[in-house]
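Hi,

Here is the structure I promised to pass on. My notes follow below it.

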Amino acid sequence: MLTTSSRLGLVIGRHDERHRLNEVIRNAASSQGGALVVKGEAGIGKTALLADATLEASAFRVVHASGSEFEQELPYAGVHQLCMPMLEHLTSLPPRHRDALQVAFGLADGTPEVLHVGLAALGLLTAAAQDQPLLCLIEDAQWLDGESLKAMIFLARRLATDPIAMLFAVRSGPGSGDEFDELPGLLVGGLNDEDAKSLLTTRSPFPLDEQVRDRLVAEAQGSPLALLELPRAGGFVPPDGSSVPSRVERGFQDRLTGLSDQARTLLTVASADPTGDPSLLWTAAGHLGLDLTLAGAEATGTGLAEFGHRVRFCHPLARSAVYRAAPAAERRLAHDALAESTDPQVAPDRRAWHRAQASASPDDDIAAELERCASRARARGGVAAAAGFLERSVALSLAPGRRIERTLAAGQANLDAGLTDVALELLSTLKTAELTEFQHARVDLLRGRAAFTQHRDNAGPVLMTRAASRLSTLDPPRARDCFLDAFEMSLLVGRGGGVIHQVVTAARSAAPTSDVPDLLDALLELVTSGYSTATPLLRHILHGDDEPLWVRRPALAAMIAIELWEPETHTTIAEWLVKEGGESGSPMLLQLGLAQKTIDAVIIGDIGQAIAAAAEEAAIADAAGIVSLVYHRLHLAAHRGRRDEFRELVRLAGNTPERAGQVTNLDATAATLNNGLADYPAALAAARRATEHHDVFLTGLALPELIEAAVRCNDHAAAATALAGLTERTEASGTTVGQGITAYARGLVTGVEEHFREAIELLSEGRVVPYLGRAHLLYGEWLRREGRRRDCRQHLHTAHELLSQSGSEGFARRAAGELRATGERMHSRSVQAYEKLTGQEVAVARLVASGATSNEVAGQLFISKRTVDAHLRSIFRKLGITSRRQLRDHPDLLVHDRFK
C-alpha cells in the first residue's frame, strides 16, 4: 500500500517531516543507522510519509511488516513478517540465535528468550545490509504482538553503526504506542489550510466550488484521508462532536450502502481475516455459499479493498469500518467460516481464535482449545500471547470450577507478561464465596507478586505471608517456599517497618517437612537466636550436600555468602549466575548475575571488571526494555569515592517507582563513601541508619564503617557496641576475611598496635585488595598519630598503591593526604586505561583482551558486530594503540593473576 499512497501524491507540504525522515535514510546510507517513530492519529498521513521516504531510499532494500489488531495473540508474528525476506542469511547466524528464530517462528520446538530472538533478527538484518542498505517499514506498530514489539525496539536501539533504517508508523491515542516513547519520534499533525486546499484541488474525485472546498477543509481538520474520503460521502456532513477518524470511518461505511448482502458479507469475511490470504478468503466465502464472481466484482467496486495476490484494504480504518458495520451475527458467521477454512494442523491457534470469535455463548470445548493455544504460545516464548488466549478462555468457560482455574492461570500469565493491572482486574472478578482455601491462597500469592512488582511498600511480603499461612495445613512444602518468598521480599521492601518480623512470627508456625533443618529453619534461627547458632546451619545449606543453594535461590544465596564473610563463595555464585543467565537468555537472571559480579569485583578490587559488569547489566536492561538495577552501581560509586555520581543514582532511584526497593543498601554504601572522603560525621549518621534495625544481610557490612566513623567522631561507646556486634558475626563465620576486618576495627577502638598487624597478616591471605589497603591505611594513620613518621610511610605507600590499584579513589586520596602530612611529595597518579573509556568500551576492551572475537563480544553485550568494531576503533584511539594484541599490555583491563 505504500507505493500506492506515493502514486496518489498524498504528500503535499510536510517539508519538516520529510526532512526528518530523509535524514534518517541518509544517515543509514552512511552506516549511521537509526530508527524514527512516526506518530499521529489515523488518516493523518503517516503511511504516505513512509511511502515518500522510500523514494529517498531508492538504493535501499525495503522490507515491510505491520501490526494487526486481530493478530496480537500470535507471538512473533511481526518479527516473522520482517525477517521472512531475509531468511537466506539464517545459516550465517550462530547456532543459538538460529535456533531461537526457528523456535519463535514455530519451525522447531523450544522456548526462546526475546533477547536471543532480537539478537538473531539483528544478525539477519546486518547480514542482509552488507550487500545493500536496508530500510525496514513497520506500519500500525501499536498492534504488534508483545514479543515482536520487544524485539523490534531491541533492534531499533542497536543500529548506530549499521546501514539500516527502521521507520515505525504508530497511531496516537491514550496508551497507544507508549512503548515507543524512548525511541526518536516524529509527531505528525494536520495539514495547514493552504496545503489542504492544494490536496483537494489535485486529488478530489469530484469538482468542488470554493465554498464547498473551504467547508471540507474545516471539517477535515488537516487530515489528508478525511480530505479525500469526505467528498465520496456526499460533500460534507454537519459538524458533530466525533473525531475526524470516526467521521472518516463513517465515510467508509457509507460505501457499503446499496451493496448486495453477498458483497457485504464478502467484505466482512475479508475484514475478519488478518492474514490477507486470498485462498483462505475464497474457501470461507464458498462455505457461506457466496457467488464469488458477482460478490467479488461488487465489493471491488467500492474501492474499500482489492482482491489480488493479497487481500488489502485501502486503509486500516476501512477494514475496521467494515468489520464494525456488520451485525454481530454476521461477524460470527464470518469467523465460523474462517475457522472451518483454516487448517488445524498448519494454524491451530488462528483457527481457535476464529472459533472463539464465532461463539455467541460460553463453550467449554473452545475454552479448552484456547488453553492449549496458550500452552503452545508459552512454549514459543509468547507469554503475552498466552495471557491473551487464557483471558478469552475465561470468558468462554461455562463450568464455574474451570472458570476459576482459568482465571487464576490467566492472572499468572499476565503477571509473567508484566501486565500487572490486567492480572489484578482478572482476580477482582473472582467471587470469594466460590473459592476453596487453596484457591484463596493462590489469589494471595498472585496479589502478593503484583504488589511487589508495583512496589507497594509492605503489601507484597504481607500477602505472601498470608498465602503461606493458608497453605500451612494444605500443602506444607509449598507453604515453606512461600514463607521464603515473603522473607526474600521483605529484604527488599519495608526496611525498618517490622515486615521481616511479621514474616518470622508467622513462619514459626509452619510445620517442618523433614527432620533435617532447611533454609527457612536457618533463617528463623538467625533472626531469633543469633549468629553463633545459625551460622553452621546457614553454611551447610548454602553449599548443600547435593546441590548448592544458589541453584534454587541465587539472590538469597548471594546475601548469605556476604553475611558469612565468604567472598570466594560470592564469586562462585556471581559467575554461576552470569553463566546460567547467558545460556538461558533470561534478562532477569543476567541482570542479577552482573549486579553480583559488579559487587564481587568491588570486593576483590578488580575495578575494571566492576565497571565492565555494570555496563553489561545496563546493556541487558536496555536490550530487554526493562529498568536497570541500582544497588550495585551505588556500591561501585561509593567504592570509587564518586559523591556526585552516588547522589545522582539516589535521585534516579527516588524518582523512579520501578526502582523502589532497590536502594536498601543506600545507607551502608553511603557510610563507605563518606568514610573514604573523610566526612566522618556523615559516615556515622549513615552507618547508624543502616544498623539501627539490626536487619539481616545489611547490618554486617555497615558495622566496620560505623566503627571507623564513630572513632573519628570520638563516639567511643558507639564504636565499642558496634565492635561487639561485628565480633559476634565474624567469630561465628570464622573466615580470615571477617577476622581480618574485625582486627583492624578492634585496633581502631583499642589503639593496640598488634591488632593492626594481625589485620594485615590475615587479609594478606585473601583476595580482598581494598580491605587490605584499608588495613594498611588505618595502621599508617595510627602510626603517624603516634609520632612514628618513618614507620607510617611504608604502610601509607602500600595503602596508596593497593587502594589506587583497586579503584578506591577516596581512600587512596586519604592515604596521599597522610603521606603529604609526613613531608612526602606525592606525584600525580597516572590515568588508568579504564578511566579513559566509557563503561561499554571497558566491557568490549576486556572481552577482546581476553581473546573474544567481535561476534562473541556482540552476543554477550547484545549489540551488532559493527558496533563492536566501532567501539574498538574508539578504544584504540583513546589508548594510543593499533591492535587487539596491544590491549593485553593494559593490566587494568585484564583480570590480574591474584584474582584468578
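Is Thr598 buried or exposed? Thr598 is buried, with a relative accessible area of 0% (buried means under 20%, exposed over 50%, with a 1.4 Å probe and protein chains only). Thr598 is found in helix H30, residues 587-604 (helices are DSSP runs of H or I, at least four residues, numbered from the N terminus). Not counting residues up to four places away in sequence, Thr598 touches Ala610, Ala613, Ala614, His632 and Leu636 (contact means heavy atoms within 4.5 Å).

Before the rest, the ground rules. This is a predicted model, where local features need pLDDT of at least 70 and side-chain atom pairs count only at pLDDT 80 or more, while totals for chains, interfaces and linings use all residues. Residues are numbered from 1 along each chain as its sequence is written, and side-chain values use heavy atoms, with hydrogens and water left out.

Now the cores. The largest nonpolar core has 104 residues (such a core is a set of buried Ala, Val, Leu, Ile, Met, Phe, Trp, Tyr and Cys residues joined through side-chain atoms within 4.5 Å). Phe487, Leu542, Phe697 and Tyr744 have the most contacts inside it. Helix H40, residues 769-785, gives the most to this core, with nine residues. Leaving aside neighbours within four places in sequence, Phe487 is in contact with Ile500, Val503, Val504, Leu523, Val527, Val696 and Phe697. A second, separate core has 53 residues, including Leu82 and Val117.

Best wishes

Technical notes:
Helix = DSSP H or I, 4+ residues; strand = E, 2+ residues; numbered from the N terminus.
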